[in-house]
Amino acid sequence: MHEIIERFEELNISINKDNLKALGDVRNDTEHYYVQQTGINVKEVITKAFHLFTEFCPYIKREPVNLLGKHYWEIMLNVSTIYDEERQKCLENLKTVSWKYKEVKNNIEKLRCLHCYSELILAIDVHKKENSDFRCKACGKTSTYKDMIGSSIANALNCYHKIAKGNEESSTDLCPMCCYDSYSLVERRCLACHWELEYNYCNVCDADLTLDEQELNGLCSYCSYKIEKIMNE
């Protein structure tokens, strides 16, 4: 999928990369016999394919309705219109939530249901200051704030794609408290369960401490090594 996106960029073809990646995920799931799509999820796939199709047609100087035929064009247009309306209602709902973290607020359109992977997510209590539960309009199941953000945020921030490319570092890490890949290296706390570092600076040299250095009881790895070396002499 990354190669396809790069080729489009080389040809100056502008398309919605998120829609293309979503279709790529469905293709991969189908290839590995791991498809658990509900009726609404299938509508999501059709809608994203429809938008990509109409975006691409001007580059080949063809009208979408002529390529698909009037009958299938009207079917896809009807499905995508209904789904887009439901999707917009969900986004408007999420925008009214008082999100505590900017990284979450800026990526609400990429949140997914951890049960069926649908993007039709609603906050149950938008007036709750934080940690509202969520309901999926596709499967009807509810999720806590911790589970919703914990299961979605790393993918929403495109962390896995950055790691796969090898030229960027992930902005999240595994939280030792909730075990989700939702500890933000930017916020220096978990975006899902709000866990914070117990030790922020080395007690000896005042260096910033990383997530991995928390087990060293307030020491950075270098000072811990030096002290251990002295103790063993």
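## A walk through the predicted chain

The chain contains 9 helices and 6 strands, where helices (H or I, at least four residues) and strands (E, at least two) are DSSP runs numbered from the N terminus. This is a predicted model, in which local features need pLDDT of at least 70 and side-chain atom pairs count only at pLDDT 80 or more, while totals for chains, interfaces and linings use all residues. Residues are numbered from 1 along each chain as its sequence is written, and side-chain values use heavy atoms, with hydrogens and water left out.

Of the 233 residues in the chain, 36% are buried; here buried means under 20% relative accessible area, exposed means over 50%, and partly exposed lies in between (1.4 Å probe, protein chains only). The chain exposes about 14,400 Å², of which carbon and sulfur atoms supply 51%; these areas come from the Shrake-Rupley method with a 1.4 Å probe, and for residues only the protein chains shown count as cover.

In soluble globular proteins, nonpolar side chains tend to be buried together. The largest nonpolar core of this chain has 30 residues, and those with the most contacts inside it are Trp99, Val104, Phe134, Tyr145, Ile149, Ile153 and Trp195; such a core is a set of buried Ala, Val, Leu, Ile, Met, Phe, Trp, Tyr and Cys residues joined through side-chain atoms within 4.5 Å. At least two residues of this core come from each of β1 (121-123), β2 (134-136) and α7 (145-156), and the largest share, 5 residues, is supplied by α7. When neighbours within four places in sequence are left aside, Trp99 is in contact with Leu94, Val104, Lys105, Ile108, Leu111, Phe134, Tyr145 and Ile149. A second, separate core has 6 residues, including Phe8, Ile13, Ile15 and Leu20.

Between β2 and β3 the antiparallel pairing runs over 2 bridges, and two strands are taken to pair if DSSP finds at least two bridges between them. Strands of a sheet pair through backbone hydrogen bonds, either parallel or antiparallel.

In one of them, the side chains of Arg7 and Glu10 meet at 3.7 Å, N to O; because Arg7 and Glu10 are 3 residues apart in helix α1 (residues 2-10), they are separated by about one helical turn. Arg7 counts as exposed at 52% relative accessibility, and Glu10 counts as exposed at 58%. Another salt bridge joins Glu92 and Lys95 at 3.9 Å, N to O, and being 3 residues apart in helix α5 (residues 70-95), Glu92 and Lys95 are likewise separated by about one helical turn. In this pair Glu92 is partly exposed, with a relative accessible area of 40%, whereas Lys95 counts as exposed at 51%.

Glu119 and Arg112 form a salt bridge in which the closest N and O atoms are 3.8 Å apart. Glu119 is buried, with a relative accessible area of 6%, and Arg112 is buried as well, with 12%. Both belong to a network of salt bridges that links Glu44, Lys48, Arg87, Arg112 and Glu119.

Thr47 lies in helix α3 and counts as buried because its relative accessibility is 2%. Not counting residues up to four places away in sequence, Thr47 touches Val79, Ser80, Tyr83 and Asp84.

At the surface, Tyr59, Ile60 and Leu67 form a nonpolar patch with about 250 Å² of accessible area together. Patches are made of residues with over 30% relative accessible area and no salt bridge, like charges being joined within 9 Å and nonpolar side chains (Val, Leu, Ile, Met, Phe, Trp, Tyr) within 5 Å. Ile60 has its place in the loop between α3 (39-56) and α4 (64-68), and at 40% relative accessibility Ile60 counts as partly exposed.

Notes: Contact means heavy atoms within 4.5 Å. A salt bridge is a side-chain nitrogen of Lys or Arg within 4 Å of a carboxyl oxygen of Asp or Glu.
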